Amino acid sequence: MFRTSDIVLIAIMVSAAALTYKTKREAEDQLAAVQKLQAQIRYEEDTIDLLKADWSLLTQPARLQKLAEIYKSQLGLEPLNARQIGGLDDVPIKPVNIEDLSSQRLGGMADNSGKGPSGDKDPVVTGSTVQ
C-alpha cells in the first residue's frame with residue numbers, strides 16, 4: 001500500500017510543518033515583546049514630557065517671585081546689592097609651591113665609562129636608568 005519513500009516524505013512534510021509553526025510562533029512572541037517595549041518607551045517619553053511641563057511651571061519667575069515674597073520672613077532673603085558682585089581681581093590668588101627637583105637624582109643616561117669593572121659591561125651609552 002504505502003512505500004517506504006511515501007512514509008519518509010510524509011514524515012519530512014510533517015516535520016517541516018512543525019518547524020514552520022514553531023518559527024512562526026517564536027516570531028509572534030518576539031513581535032509581542034518588541035511592541036511591549038515600544039509601549040513602555042512611549043509611556044516613559046510621555047512621562048518625561050509631563051515632568052518637563054511641570055518643571056517649567058514650577059520654575060516660572062513670576063511664581064518664584066510670589067513665593068519669595070510670601071516666605072520672605074522665613075527664608076531671610078534680601079535683594080542682591082550691586083556691590084556684592086565681584087570681579088576676577090577680587091578672588092585671592094592661591095600660592096604656588098614649587099619643589100626644587102634639581103638636587104634630586106631622578107634618572108639620566110646610563111654611562112659605564114670609567115666606573116667599576118669594565119670586563120663584562122657594554123661600553124655603549126644608552127638612555128636607560130641610572131646605575
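Modeller: Begin with one contact. This is a predicted model. In it, Lys24 forms a salt bridge with Glu28, and the closest N and O atoms are 3.6 Å apart.

Biologist: Why does 3.6 Å between Lys24 and Glu28 count as a salt bridge?

Modeller: The rule asks for a side-chain nitrogen of Lys or Arg within 4 Å of a carboxyl oxygen of Asp or Glu. The Lys24–Glu28 pair, at 3.6 Å, meets that cut-off.

Biologist: How are Lys24 and Glu28 placed along helix H1?

Modeller: Helix H1 covers residues 4–58. Lys24 and Glu28 are four residues apart in it, so about one helical turn separates them.

Biologist: Which other residue forms a salt bridge with Glu28?

Modeller: Arg25 does. The closest N and O atoms of Glu28 and Arg25 are 3.3 Å apart. These two residues are three apart in helix H1, which again means a separation of about one helical turn. Arg25 is partly exposed, at 42% relative accessible area.

Biologist: What do salt bridges that share partners make of Lys24, Arg25 and Glu28?

Modeller: One network. Glu28 takes part in the bridge with Lys24 and in the bridge with Arg25.

Biologist: How many salt bridges does the rule give?

Modeller: The count comes to two.

Biologist: Now the nonpolar side. Which residues form a nonpolar patch on the surface?

Modeller: A patch is read from neighbouring side chains that keep some accessible area. Nonpolar side chains are joined within 5 Å, and each residue needs over 30% relative accessible area. Here the patch is Phe2, Ile7, Ile10 and Val14. Together they have about 420 Å² of accessible area.

Biologist: Let us step back to the whole chain. How many helices and strands are there?

Modeller: Three helices and zero strands. From the N terminus on, the elements run α-α-α.

Biologist: What share of the residues is buried?

Modeller: Buried residues make up 2% of the 131 residues.

Notes
Residues are numbered from 1 along each chain as its sequence is written. This is a predicted model: local features need pLDDT of at least 70, side-chain atom pairs count only at pLDDT 80 or more; totals for chains, interfaces and linings use all residues. Side-chain values use heavy atoms; hydrogens and water are left out. Buried means under 20% relative accessible area, exposed over 50%, partly exposed in between (1.4 Å probe, protein chains only). Patches are made of residues with over 30% relative accessible area and no salt bridge: like charges are joined within 9 Å, nonpolar side chains (Val, Leu, Ile, Met, Phe, Trp, Tyr) within 5 Å. Accessible areas come from the Shrake-Rupley method with a 1.4 Å probe; for residues, only the protein chains shown count as cover.
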